[in-house]
Amino acid sequence: MQTKPLRIGTRGSPLALAQAHETRDRLMAAHGLPEEMFEIVVLSTQGDRITDRPLSDIGGKGLFTEEIEAQLYSGDLDFAVHSSKDMPTRLPDGLELAAFLPREDPRDAVVGRTAPTLMELPHGATVGSASLRRQAQIRKLRPDINVITFRGQVDTRLRKLAEGQADATMLAYAGLKRISKEYVATQVLDLEVFMPAPAQGAICVEARIGDRRIGELLAAIDHQATHEAVTCERSFLAVLDGSCRTPIAGYAVSEAGRIRFRGMILTPDGSRFHESEIEGPATDAAALGAEAGRVVREDAGTSFFDGWG
């Protein structure tokens, strides 16, 4: 019988804490456990500490997970909670994504200061975003717009916007909803027009492979449709060697035993892009994502990646 509190690793941002609390609350409800059976352990990561440079310049997504994964691997943590889109496609040996919570709204939101929508921003307007995917899609739709790098937590980006450092910024709508700030969004972008990052809006729980006790605990909160969809999207990303240096978008929906997926790869300036769509059995989620990745890579050709991959 469990007597010591289960230790949940997380970053310390308001969004990360909201995600950890949601995971804890779902586990409490699923297993009838009291709150004192869980301890949320806040860890600072390199990605949190270095905020003056683009992630692509300092090592990519792994900077948000390395410190947490080290303690998970050593046994100091029982499991860890992450934003799925922050997870590298290759995890450290011995660790796995054991569960996914039901996905929130995957769309991107515009927070406009001088105009409410992306298309209404004045010619030559400035948009702040740290995401190469968002930057590329903004330039694809509005090549006249000046895109600058905005990094930091949600409140930091909103402060920079209020100070006039940009005319608009873009954030994940799911994140805004989780910290009850969806009201700041002046536009929520259509998925057909502006594709999200693979795994955007999904919370994942990382655990040690072979830890049966934790595996059984987490299985009770694993949302099958989200797990299948994110597996497909991450497989697409893996085939394309997706990282913070690569503008890649993708979104899958798993319903009634079938998966529909659409993915896109762009040049950083948004001037060229290639898309792929695929559908098949949800049981083949990983294979379908990989096949979509191979198709788009073949269509793009090796020269597509020259000079920026």
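Ala 199 is buried, because its relative accessible area is 1%. Buried here means under 20% relative accessible area, exposed means over 50%, and partly exposed lies in between, with a 1.4 Å probe and protein chains only. The model is predicted, so local features need pLDDT of at least 70 and side-chain atom pairs count only at pLDDT 80 or more, while totals for chains, interfaces and linings use all residues. Residues are numbered from 1 along each chain as its sequence is written, and side-chain values use heavy atoms, with hydrogens and water left out.

Stay with Ala 199 for a moment. It sits in the loop between strand S9 (187–188) and strand S10 (203–208). Helices (H or I, at least four residues) and strands (E, at least two) are DSSP runs, numbered from the N terminus. The phi of Ala 199 is near 75°, a positive value in a residue other than glycine. Most residues other than glycine have a negative phi. Ala 256 also has a positive phi, near 50°. Is Ala 256 buried or exposed? Ala 256 counts as exposed because its relative accessibility is 85%. Its place is the loop between S11 and S12.

Ser 84 touches Ala 199, along with Phe 100, Ala 202, Ile 203, Cys 204, Val 230 and Arg 234, not counting residues up to four places away in sequence. Contact means heavy atoms within 4.5 Å. Ser 84 is in the loop between strand S3 (79–83) and strand S4 (95–100). It counts as buried because its relative accessibility is 1%.

Thr 65 is another loop residue. It is found between helix H3 (55–58) and helix H4 (66–74). Thr 65 counts as buried, at 1% relative accessibility. Which residues does Thr 65 touch, not counting residues up to four places away in sequence? They are His 82, Asp 86, Met 87 and Pro 88.

Now turn to the strands. Gly 128 is in strand S6 (residues 126–128). It is buried because its relative accessible area is 0%. Leaving aside neighbours within four places in sequence, Gly 128 is in contact with Ile 148, Phe 150, Ala 166, Ala 168, Thr 169 and Met 170. Its C-alpha atom is separated by 25 Å from that of Asp 241, 113 residues apart along the chain.

Val 188 lies in strand S9. It is partly exposed, with a relative accessible area of 27%. Not counting residues up to four places away in sequence, Val 188 touches Arg 107, Asp 108, Ala 109 and Tyr 173.

Ile 40 is in strand S2 (residues 38–42). Its relative accessible area is 22%, so Ile 40 is partly exposed. It touches Ile 8, Thr 10, Leu 17, Ala 20, His 21 and Arg 24, not counting residues up to four places away in sequence. The C-alpha atoms of Ile 40 and Val 81 are separated by 9.9 Å, and the two residues are 41 residues apart along the chain.

Next comes the core. A nonpolar core is a set of buried Ala, Val, Leu, Ile, Met, Phe, Trp, Tyr and Cys residues joined through side-chain atoms within 4.5 Å. The largest one has 19 residues, and those with the most contacts inside it are Cys 232, Phe 236, Ile 259, Phe 261 and Ile 265. Helix H9 (224–239), S11, S12 and helix H10 (285–300) each give two or more residues to this core. H10 gives the largest share, 5 residues. A second, separate core has 18 residues, including Phe 79, Leu 217, Leu 218 and Ile 221.

Phe 261 also lines a pocket. A pocket is an open set of points on a 1 Å grid over the protein atoms alone, where a 1.4 Å probe fits, with protein on both sides within 12 Å along at least five of seven lines; lining residues have an atom within 4 Å of a point. The lining of the second largest pocket includes Leu 191, Tyr 251, Phe 261 and Glu 277. Strands S11 (248–255), S12 (258–266) and S13 (273–281) each supply at least two residues of this lining.
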